Amino acid sequence: MGIEQRLVWCDFETTGFTELSKHMVYKHKVLEIGVIVTDQDFNIINQLNLVIGHNREEAMRWADDVVIEMHTKNGLWDDCANSTLSLQAAEIQLLEFLAANGVTRGQSLLWGNSVFLDRAFMEAQMPEFCKYLHFRNGDISSVREFLKVIAPLFEFEKVNTEKVSAHRAMGDITESINEAKSYRALLGPLLQQVLKAKPQGNEPEPR
């Protein structure tokens, strides 16, 4: 039996997008980081939510009107103003959290939706956290787009009706995990049929 796999699901809430050509990934502020560790069946093992402390006016200076309104409604600006946690201290907590929950360094992919954006912030502003994870991403949004290509009539909303996110980190991660569960329920039985039909071992294929 192999070691049970741990999956690391992550979401960053920030003041804006990366805009790599303008090096904005180094300038935008990380507001909140959520991490959920699951087993390979998407059962939650543990979770950690960290809100980074910021001066409200300074942080909002980097955000556009959409982001300002979004995090006003969901309360994140208030939570950041009340937090004293630095990004450096948050990174230490994240590394300790992963190690304490059975995540082996360099083994788990980064899982979530459009996680290339989260990866960019991790690499720019939390490099040790980034290096703890495997370099590949498990991007659920890519699975969704792939299904749309091979089945143009596919409608994700009819597969997953559990909408929980208010653009806060833990809600976004929970939504990603629910989406992954929906795809497993959709595709798992089909894959099992293929595996059962495939000849096992050295048995000759029927002529």
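Biologist: Is strand β2 buried or exposed?
Modeller: In this predicted model, 10 of the 10 residues of β2, which spans residues 30-39, are buried, so the strand is largely enclosed by the rest of the structure.

Biologist: Which sense does β2 take when it pairs with β1?
Modeller: The pairing with β1 (residues 6-14) is antiparallel and runs over 9 bridges. β2 also pairs with β3 (residues 44-51) in the antiparallel sense, over 7 bridges.

Biologist: Which residue of β2 is the bridge partner of Asp11?
Modeller: The partner of Asp11 is Gly34. Gly34 also stands opposite Asn49 in β3.

Biologist: How many residues lie between β2 and β3 in their hairpin?
Modeller: There are 4 residues between them, and Phe42 in the turn has a positive phi of about 70 degrees.

Biologist: Turning to the largest pocket, which residues lie nearest its centre?
Modeller: They are Asp11, Glu13, Phe17, His167 and Asp172, out of 35 lining residues. The space in this pocket is about 750 Å³.

Biologist: Which element gives the largest share of that lining?
Modeller: The largest share comes from β1, with 6 residues. Elements that each supply at least two lining residues include α2 (65-73), α7 and α9 (169-197).

Biologist: Why is Val149 called exposed?
Modeller: Val149 has a relative accessible area of 63%, and exposed means over 50%.

Key: Residues are numbered from 1 along each chain as its sequence is written. This is a predicted model: local features need pLDDT of at least 70, side-chain atom pairs count only at pLDDT 80 or more; totals for chains, interfaces and linings use all residues. Side-chain values use heavy atoms; hydrogens and water are left out. Buried means under 20% relative accessible area, exposed over 50%, partly exposed in between (1.4 Å probe, protein chains only). Two strands pair if DSSP finds at least two bridges between them. On a 1 Å grid over the protein atoms alone, a cavity is a set of points where a 1.4 Å probe fits but cannot get out, and a pocket is an open set with protein on both sides within 12 Å along at least five of seven lines; lining residues have an atom within 4 Å of a point. Grid points are joined across faces, edges and corners, and a volume is the space filled by probe spheres set on the points.
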